[in-house]
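Hi everyone, thanks for coming. Have a look at the screen, and I'll talk you through a few spots.

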Amino acid sequence: MRKNLLAAGLSAIVCFAALHAFAKTPATPKPGNGTIVIVFKDGHRQSFNLADIERVEFPTAATGTTAAGESLLPPRFLGRWRVGDGNGGIFYITLQENGDAMRSLGDVHGHWVYVDGEARITWDDGAQDALRKAGSGYEKRAFGAGKLFTDTPDNVTNAQNLTPHPI
């Protein structure tokens with residue numbers, strides 16, 4: 001009886017060791033120069049070529065998300081922007097970390113959020129502007145009161161961040 005228990009115990013240990021060896025996450029080859037490996041909570045790994053990455057953003061309390069799932073305040077949109085008014089003139093838009101926005105044209109206050117790669121500003125007078133990356137620069141799209149950000153903009157002008165906040 002003792003021999004049977006000892007044999008059963010040894011068999012169980014060998015089986016568990018074999019199962020453990022097969023259950024481990026497969027080894028990922030060491031990354032070469034210019035790659036980053038992200039290890040997820042479930043243990044799987046994913047490699048990325050650094051040449052394909054423009055930037056890495058780590059959200060904080062100030063750059064979290066709204067209840068609607070909109071991401072707030074990515075650093076590249078913070079600061080004072082010089083934008084066109086659609087008639088050949090310029091004005092300034094200031095985007096703050098707390099989501100507030102100010103427009104020098106009419107000295108109007110607003111609120112902004114980051115949605116689908118652009119800063120969407122809703123002004124207290126009902127107008128809306130969107131700042132987005134366009135090629136190597138940025139552009140401002142203006143939408144009159146009552147329009148949606150998905151409508152055709154009233155005008156599209158260049159935009160330049162005068163106080164960029166790099167990561």
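Let's start with tyrosine 138, which stands opposite alanine 159 in E10. The "E" labels are strands, meaning DSSP runs of at least two residues, numbered from the N terminus. Before going on, a word on the model: it's predicted, so local features need pLDDT of at least 70, side-chain atom pairs count only at pLDDT 80 or more, and totals for chains, interfaces and linings use all residues. Residues are numbered from 1 along each chain as its sequence is written, and side-chain values use heavy atoms, with hydrogens and water left out.

Back to the strands. E9 and E10 (residues 155–161) pair in the antiparallel sense over five bridges; strands count as paired if DSSP finds at least two bridges between them. On to E8, residues 128–134: seven bridges join this strand to E9, again antiparallel. One example is arginine 132, whose bridge partner in E9 is glutamate 139. E8 and E9 make a hairpin with two residues between them, and glycine 135 in that turn has a positive phi of about 65°.

So is E9 enclosed or open? Largely enclosed by the rest of the structure, because five of its seven residues (137–143) are buried. Buried means under 20% relative accessible area, exposed means over 50%, and partly exposed is in between, using a 1.4 Å probe and protein chains only.

Now jump to glycine 79, in strand E3 (residues 79–84). Glycine 79 counts as buried because its relative accessibility is 8%. Glutamine 96 is 17 residues away in sequence, yet the C-alpha to C-alpha distance between glycine 79 and glutamine 96 is 6.5 Å.

Technical notes: Helices (H or I, at least four residues) and strands (E, at least two) are DSSP runs, numbered from the N terminus.
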